[in-house]
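The sequence and structure come next.

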Amino acid sequence: MKIRTMRYYTSEAFTSFRRNSFMSFASIATVALSLFILGVFMTMVANLDYFADNLENQVQISVYLKDGITTDQVMKVGRELKELPDVKSIEFTDKAKAMDRLKERMKDQPGILDALEGKNPLPSSYEITFTNPEAVKKTAAVVAKYPEVESSHYGQEIVEQLFSITQVIRWGGIALIIFLTFATLFIISNTIRLTVFARRREIGIMKYVGATNWFIRWPFLLEGLFLGFIGGLIADMALFQFYGFVTTEIHESLAFLPMVSMYPFMYKTGSVLLIISMIIGALGSTISLKRYMKV
């Protein structure tokens, strides 16, 4: 493409932007707001996934042994647990150690300990951690069938609810992305359509004298890209400020809550939003021009 031709396309795009300044700014504002909301939802989904991964990696199976089994039987269970697939580590806790932990947790409630009357009802147990969190449920079912094992527990309800919530948020995020994309596309295409309608006679004359479709299309395409780019840039700046504020507040008040660190996460998210905004702008222009290119 010649430099002079490119200058013409760019000049026409900016001229059209000035002529329809109100609708252009309305399109930019719509793109910025839509992509900001989309970005907030993307960061929320990403942090939920990060939080879920952290919880999944901390999921353990507690294997409670029957009272009265011998030391050899306890060691036999330990060897069998080590040989199970996806087992990362196992830790044995005998009855005395389990009682010491209970006393530490209940030191502010001595009445509960007094009710035991010096007895130790707690079983010995093994704590199993995994390299693959998805192996927890299957392994718990297998271990529960060992003759030396009284029961196995891994917080079934909490883990299953966590997986369910994560799935809902992920599908909800996809639905919101689709909705916001079409809403933004609709606004930009209508903005460009007003410009095209105002210049429909000019377009007809250009086609009559032999101008190619792409020669006519390029200024509008550049205008759509420009509208999308500016809107996406504003959305990125707002999202950077928003996420920085949120992470600072959470780290100060809820330091134990894991969050995706701002960098490079926000650079990647911002880049994706900017690309989406420019694609939407280009698509909006293409949709608006389609009718007039057939005339």
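## Second largest pocket

The second largest pocket is lined by Tyr 64, Thr 93, Ala 98, Arg 101, Leu 102, Arg 105, Leu 122, Pro 123, Ser 125 and Glu 127. Helix H4 (95–105) and strand E3 (125–130) are the elements that each give two or more residues to this lining, and H4 gives the most, with four residues. The pocket holds about 190 Å³ of space.

A pocket is an open set of points on a 1 Å grid over the protein atoms alone, where a 1.4 Å probe fits, with protein on both sides within 12 Å along at least five of seven lines; lining residues have an atom within 4 Å of a point. Helices (H or I, at least four residues) and strands (E, at least two) are DSSP runs, numbered from the N terminus.

## Basis of the model

This is a predicted model, in which local features need pLDDT of at least 70, side-chain atom pairs count only at pLDDT 80 or more, and totals for chains, interfaces and linings use all residues. Residues are numbered from 1 along each chain as its sequence is written, and side-chain values use heavy atoms, with hydrogens and water left out.

## Glu 148

Glu 148 is in the loop between helix H6 (136–143) and strand E4 (149–153). Glu 148 counts as buried because its relative accessibility is 7%, where buried means under 20% relative accessible area (1.4 Å probe, protein chains only). Leaving aside residues up to four places away in sequence, Glu 148 touches Leu 65, Lys 66, Ile 69, Gln 73, Lys 76 and Val 77, with contact meaning heavy atoms within 4.5 Å.

## Phe 229

Phe 229 is found in helix H9. With 32% relative accessibility, Phe 229 counts as partly exposed, the class between buried and exposed (over 50%).

Conventions:
Grid points are joined across faces, edges and corners, and a volume is the space filled by probe spheres set on the points.
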